[in-house]
Amino acid sequence: QVQLVESGGGLVQAGGSLRLSCAASGSIFSINYMAWYRQAPGKQRDLVATITSPTRANYADSVKGRFTISRDNAKNMVYLQMNSLKPEDTAVYYCNADVQISMTSPTVRRYWGQGTQVTVSS
């Protein structure tokens with residue numbers, strides 16, 4: 001079993017910054033892919049940023065130039081540094097990972113965290 005736990009959300013004013021963290025734990029042989037998604041009330045869950053080994057990153061157009069995704073492979077953690085925040089960034093942010101749980105099995109499973117709330121005021 002694998003667990004993902006997000007932290008670092010909160011309330012900030014427009015133009016401010018937050019740093020989100022996601023810790024993966026449990027039966028992990030390797031993490032092939034990590035990402036951040038977000039979901040605003042009444043909206044679809046959308047991809048924000050992805051990162052693969054070693055440090056290849058991709059971003060949604062709406063956050064490009066403002067957000068930075070990074071990864072610490074030794075700690076099985078992924079981060080999202082969010083700068084120049086806007087009210088439209090308000091959402092629940094979810095960590096996502098594709099995990100191979102055993103070296104003897106090629107099976108890869110997708111896991112989700114419980115989410116952390118980010119609220120940006122005008």
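Predicted model: local features only at pLDDT ≥ 70, side-chain atom pairs only at ≥ 80, totals over all residues.
In strand β8, M82 is the bridge partner of F67. Residues are numbered from 1 along each chain as its sequence is written, and side-chain values use heavy atoms, with hydrogens and water left out.

**The sheet around F67 and M82**

Strands β7 and β8 (residues 77-82) run antiparallel to each other and share six bridges. Two strands are said to pair if DSSP finds at least two bridges between them. Strands themselves are DSSP runs of E with at least two residues, helices are runs of H or I with at least four residues, and both are numbered from the N terminus.

Both strands belong to an open sheet of four strands, ordered β1-β3-β8-β7 with antiparallel pairing. Its edges are β1 (2-7) and β7 (67-72); each has a single partner strand, so one side of each is left without a neighbour in the sheet. On average, neighbouring strands here are turned by 15° against each other, direction ignored. For such angles, axes are lines fitted to C-alpha atoms (for helices over the stretch in contact), and values run from 0 to 180 degrees between N-to-C directions.

**The whole protein**

Stepping back, the protein has zero helices and 11 strands. Its C-alpha atoms fill a box of roughly 50 × 25 × 20 Å along the principal axes. A compact globule of 122 residues would have a radius of gyration near 14 Å, and the protein agrees with its 14 Å. This radius is taken over C-alpha atoms, and the globule rule is 2.2 Å times the number of residues to the power 0.38.

Of the 122 residues, 39% count as buried. Buried means under 20% relative accessible area, exposed means over 50%, and partly exposed lies in between (1.4 Å probe, protein chains only). Among contacts with a separation of 6 or more, 57% involve residues 24 or more positions apart; a contact means heavy atoms within 4.5 Å.

**Rings and a charge**

Now for the aromatic side chains. Rings of Phe, Tyr and Trp (its six-membered ring) pair if their centres lie within 6.5 Å; planes under 30 degrees apart count as stacked, over 60 as edge-to-face and the rest as tilted. By this rule there is one aromatic pair. The ring centres of Y37 and W112 are 4.9 Å apart and the planes stand at 65°, so the pair is edge-to-face. Y37 belongs to strand β4 (residues 30-39) and W112 to strand β10 (residues 108-112), so the pair ties together parts that are 75 residues apart in sequence.

Most residues other than glycine have a negative phi. N76 has a positive phi of about 55° although it is not a glycine, and for S84, also not a glycine, the positive phi is about 50°. N76 lies in the loop between β7 and β8, while S84 is found in the loop between β8 and β9 (91-100).

| Residue | Relative accessible area and class |
|---|---|
| Y37 | 13%, buried |
| W112 | 35%, partly exposed |
| N76 | 24%, partly exposed |
| S84 | 41%, partly exposed |
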